[in-house]
Amino acid sequence: MRVIVTSNNEEIGEIAGGMITKVVQDKPTATLGLATGSSPEVVYASMIRAYERGEVDFSQVHTVNLDEYLGLTPDHPQSYRYFMDSHLFNHINVPKENTFVASGVGDEEECVKEFRSILNRTHVDIQLLGIGEDGHIAFNEPGQVLHNNAHVESLTESTIAANARFFANEDEVPKKAISMGMGDIMRASKIILIASGYKKADAIRGLIMDENVDVQNPSTMLKMHPDVTVIIDRPLADLVGYTD
Ligand code: F6R
């Protein structure tokens with residue numbers, strides 16, 4: 001696992017965005033695994049800038065997202081489909097039909113079946129990840145067992161509280177999400193995990209400062225992947241005691 005420490009959050013976006021752009025430059029038909037939440041906003045801004053400068057063409061790219069809230073329609077401002085359209089897809093030339101965000105509405109089993117069938121036919125060249133305060137990646141929450149494949153996950157209290165900032169109040173945060181499984185993430189050729197902010201310290205400490213894999217911090221499974229880059233900013237690195 002490679003760890004990169006940046007001076008600020010903007011630089012996280014530049015480096016992660018540059019890595020994703022490079023994959024597309026080398027392989028114009030690449031499949032990108034994408035994430036939502038606050039962390040990737042700087043990454044997508046950097047990809048949009050590269051596109052506007054004419055450095056990258058997304059016209060043959062496919063994308064698949066990690067997860068979606070259950071119960072939110074695609075036009076709900078907090079749905080992950082809405083997030084992806086407004087923060088990335090509407091600003092680059094990826095055809096909308098090449099982008100997949102799992103459906104959060106309709107029969108749950110059918111949604112999972114459709115997500116699994118897409119993932120069975122997809123190989124992700126580069127996967128972007130954020131990390132939850134409790135160590136979740138996608139919505140694979142800490143627990144006795146971790147799921148291999150796409151599934152419905154009940155969000156932990158910590159995740160609901162953390163995501164309440166996007167909603168009018170905590171009660172409005174969906175309690176369940178449809179999520180890629182750990183195996184789906186681990187099958188990507190390359191993985192980038194980005195984090196900043198003191199609230200991620202425990203999760204990042206477990207990921208980069210401890211050698212073990214712990215189901216109570218699902219991100220630690222990434223230690224078993226051959227090509228993972230963790231990008232954090234200096235304040236977070238200092239907080240967890242990481243020196244490069
Ligand atoms: C979002 C996702 C989540 C987030 C995580 C961190 O698609 O899969 O795992 O990456 O909850 O969210 P932020 O970046 O908002 O702190």
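A residue is called buried when its relative accessible area is under 20%, exposed when that area is over 50%, and partly exposed in between (1.4 Å probe, protein chains only). The structure described here is a predicted model, in which local features need pLDDT of at least 70, side-chain atom pairs count only at pLDDT 80 or more, and totals for chains, interfaces and linings use all residues. Residues are numbered from 1 along each chain as its sequence is written, and side-chain values use heavy atoms, with hydrogens and water left out.

Helices (H or I, at least four residues) and strands (E, at least two) are DSSP runs numbered from the N terminus. Strand E10 comprises residues 228-233; 6 of its 6 residues are buried, so the strand is largely enclosed by the rest of the structure. Val228, Val230 and Ile232 point one way from E10, whereas Thr229, Ile231 and Asp233 point the other way.

Two strands pair if DSSP finds at least two bridges between them. Strand E1 (residues 2-6) runs parallel to E10 and is joined to it by 5 bridges; Arg2 stands opposite Thr229 of E10. Strand E9 (residues 190-195) also pairs with E10 in the parallel sense, over 5 bridges, and the bridge partner of Ile194 in E10 is Ile231.

E9, helix H7 (residues 201-208) and E10 make a right-handed β-α-β unit. Right-handed means that, with the strands pointing away from the viewer, the path from the first strand over the helix to the second runs clockwise.

## Salt bridges

A salt bridge is a side-chain nitrogen of Lys or Arg within 4 Å of a carboxyl oxygen of Asp or Glu. The structure holds 13 salt bridges, including the three in the table.

| Salt bridge | N to O distance |
|---|---|
| Glu55 and Arg53 | 2.7 Å |
| Lys113 and Glu110 | 3.9 Å |
| Arg234 and Asp238 | 3.6 Å |

Glu55 counts as partly exposed because its relative accessibility is 38%, while Arg53, at 52%, counts as exposed. Lys113 and Glu110 are 3 residues apart in helix H4 (residues 108-120), and are therefore separated by about one helical turn. Lys113 is exposed, with a relative accessible area of 55%, whereas Glu110 is partly exposed at 45%. Arg234 and Asp238 both lie in helix H8 (residues 234-240), 4 residues apart, which is about one turn of the helix. Arg234 is partly exposed at 31%, and Asp238 is partly exposed at 48%.
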